[in-house]
Amino acid sequence: MALTASVVMIYIGMMMLLLCVPNNHAKMTEYSPAPQPQPSGNSSMYGATPGSLKPQECTPRCTHRCSKTAFKKPCMFFCQKCCATCLCVPPGTYGNKQYCPCYNKWKTKRGGPKCP
């Protein structure tokens, strides 16, 4: 009986913690750029400018972006999340965030970069 009561108390505590966490969904949507026309031809900056990717093109771009990191799973998770919102991924495996302002401006609660 005591075990059941402690399990219920832990469950209630966890639910209260989840309710206390702020919802950052509103912050995520403020950086969503308006869709822009697709570049014509075979441009080297295709996919690196805001709104230039289609959602299905995020996985290959993020695979390249995260190819040299030791933390592939979290890198892919956040890269795909950022790509789905910004529809762009900076070129290369590191840096170059100036090409995708939305990707660069999205920050964590602590102020660090959310997107790899």
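Predicted model: local features only at pLDDT ≥ 70, side-chain atom pairs only at ≥ 80, totals over all residues.
**View 1. The buried side of helix H3.** Take the helix spanning residues 58-65: its buried residues are Cys58, Cys62 and Arg65. They cover an arc of only 55 degrees around the axis, so these residues share the same side of H3. As a rule, an α-helix has 3.6 residues a turn, so residues three or four places apart point the same way. Helices H4 and H5 are among the elements that cover the buried residues of H3.

**View 2. Cysteine 58 tied to cysteine 83.** The structure holds six disulfides, and here's one of them: cysteine 58 and cysteine 83, with sulfur atoms 2.0 Å apart. This pair links distant parts of the chain, running from helix H3 (cysteine 58) to helix H4 (cysteine 83), 25 residues apart. The S-S torsion of cysteine 58 and cysteine 83 is about -80 degrees, which means a left-handed disulfide. How buried is each end? Cysteine 58 is at 4% relative accessible area, so it counts as buried, and cysteine 83 is buried too, at 0%.

View 3. Cysteine 82 bonds to cysteine 115, S to S 1.9 Å. Cysteine 82 sits in helix H4 and cysteine 115 in the segment after H5, 33 residues apart, so this pair also links distant parts of the chain. Its S-S torsion is about -95 degrees, making the disulfide of cysteine 82 and cysteine 115 left-handed. Both ends are buried, cysteine 82 at 0% and cysteine 115 at 2%. Cysteine 66 and cysteine 75 form a disulfide as well, with sulfur atoms 2.0 Å apart. Both of these cysteines are buried, and a torsion of about -80 degrees makes their disulfide left-handed. Counting bonded cysteines along the chain, the disulfide pattern reads 1-7, 2-5, 3-4, 6-12, 8-11, 9-10.

**View 4. A lysine tucked into a loop.** Lysine 97 belongs to the loop between helix H4 (72-86) and helix H5 (101-105). Buried or exposed? Lysine 97 has a relative accessible area of 17%, so it's buried, given that the cut-off is under 20%. Setting aside neighbours within four places in sequence, the contacts of lysine 97 are Arg65, Pro90, Tyr103, Asn104, Pro113, Cys115 and Pro116.

View 5. The structure holds one aromatic pair: phenylalanine 77 and phenylalanine 78, edge-to-face at 5.0 Å centre to centre, with 85 degrees between the planes. Phenylalanine 78 is partly exposed, at 30% relative accessibility. Elsewhere, lysine 114 lies over the face of tryptophan 106, 5.8 Å from the ring centre.

Key
Residues numbered from 1 in each chain as written. Heavy atoms only, no water. Helix = DSSP H or I, 4+ residues; strand = E, 2+ residues; numbered from the N terminus. Buried < 20%, exposed > 50% of the residue type's maximum accessible area, 1.4 Å probe, protein only. Contact = heavy atoms within 4.5 Å. Arc of directions from axis to C-beta. Phe/Tyr/Trp six-rings, centres within 6.5 Å; stacked < 30°, edge-to-face > 60°. Lys NZ or Arg CZ within 6 Å of the ring centre and 35° of its normal. Disulfide = S-S within 2.5 Å.
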